[in-house]
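Here's a quick briefing to go with the model. Have a look at the structure first, then read on.

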Amino acid sequence: MPPKKKADDAAYRQLRKDISAGNLGNLYIFHGEEAYLRDFYLGEMKKKLLPPGMEAFNFHTMAGKEFDLRRLQDMVDSLPMMSQRTMVVVNDYDLYKGDKEGLVRFLGDLPDYVCLVFIYDLIAYKADARTKLAAAIKAKGQVVPFNRQGQDDLVDWISRRFRALDHDIGTEDAKYLMFLCGDLMNGLISEIGKIGAYAKGHRVTRADIDAVATPQLDAVVFQMTDAIAAGDFDRAALVLGDLLHMQEAPIKLLAVLGKQLRQLYSARLAIEHRKNTAYLMELWGMRNSYPAEKLLSAARRFSLSWCRWAVIRCGEVDLAMKSTSADGEGLLTSLLLELAVKQSA
């Protein structure tokens, strides 16, 4: 698996500086996975650009499915009322599939009082650097990706959110929360709210997290392999039973289990070749060290031969599930039993 290219956060950092300095430009394109940050900084832009109570006159929005260049021109031509600037937001319109020539002319004539923001949320942003439109965007504005945050930044943010709820949380427990529920702020914010409401003490504990947090599928499947490593097949079977009871499709569970077994195999190989956490993070495109540390810890309890056999056996079951009429739940349960028996042998 090729190393994942490190995310470029230069435009994001520049946006923060421009908001702080009150030096916002005319054109922005917002995209990326971290919707929480995107919405937060869009709100901060509105605060900087528009006087309170004047949003109805100076803030305009358009949905991508209703996009019309002439209507957008009318919005842009609306002079600000009791304000220095107007703000126009277009949601989910693919710039590179529309009238590119018309957009080039339009962007070239953007008045200085306008701040135009194209937001990519439900659709992906795919630029074509060879076009005149890409050159016009580069000349007139900024493309700002809102990427998943690194571990340290996210731990700090989690701590701040808990402090706002009159709680605190330790660094390791914050990392555990990220591992359990994912590392997107948009998902974590609701989990933090639930945990903060549930926790009785000032200090949030791992027991508080486990009591009310909704774990992501990868973390639950990791509990299965963790139980297998500990020789606790009953617990592994209980986790699988809960997942099936929640009507998770067997083929989806097998795909997640297969990925985890491949990660375990790579971690075991890393141990054999004296590679460290940084190697696994680069190999699997992880921004945070905690899951890599968990993988290495788990891999130490499996032999290299077991890891290799488990990856192959999972692939065989995947083929059987996709190419035969065999019962998916039965195949998955049998595979789990095989993994446990082979580990305890």
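Glutamine 247 sits in the loop between α12 and α13 (250-272), where helices (H or I, at least four residues) and strands (E, at least two) are DSSP runs numbered from the N terminus. Keep in mind that this is a predicted model, in which local features need pLDDT of at least 70, side-chain atom pairs count only at pLDDT 80 or more, and totals for chains, interfaces and linings use all residues. Residues are numbered from 1 along each chain as its sequence is written, and side-chain values use heavy atoms, with hydrogens and water left out.

*Positive phi*
- Glutamine 247 has a phi near 65°, a positive value in a residue other than glycine.
- Glutamine 247 is exposed, with a relative accessible area of 73% (buried is under 20%, exposed over 50%, partly exposed in between, using a 1.4 Å probe and protein chains only).
- Arginine 274, in the loop between α13 and α14 (277-284), also isn't a glycine, yet has a positive phi of about 60°.
- Arginine 274 counts as exposed, at 80% relative accessibility.

*Second largest pocket*
- About 210 Å³ of space lies in this pocket; a pocket here is an open set of points on a 1 Å grid over the protein atoms alone, where a 1.4 Å probe fits, with protein on both sides within 12 Å along at least five of seven lines.
- The volume is the space filled by probe spheres set on the points, which are joined across faces, edges and corners.
- Its lining (residues with an atom within 4 Å of a point) includes Thr214, Pro215, Leu238 and Met246.
- α11 (217-229) and α12 (233-245) are the elements that give two or more residues to the lining, and α12 has the largest share, with four.
- The lining residues divide into seven nonpolar, three polar and two charged (Ala, Val, Leu, Ile, Met, Phe, Trp, Tyr, Cys and Pro count as nonpolar, Asp, Glu, Lys and Arg as charged, and the others, Gly among them, as polar).

- Phenylalanine 57 is in helix α3 (residues 55-58) and counts as partly exposed, at 42% relative accessibility.
- Tyrosine 93, in the loop between β3 (86-91) and α5 (100-108), is buried, with a relative accessible area of 14%.
- The C-alpha atoms of tyrosine 93 and tyrosine 125 are separated by 9.4 Å, and the two residues are 32 apart along the chain.

*Whole chain*
- The chain has 17 helices and seven strands, and 46% of its 345 residues count as buried.
- Its C-alpha atoms fill a box of roughly 75 × 50 × 40 Å, taken along the principal axes.
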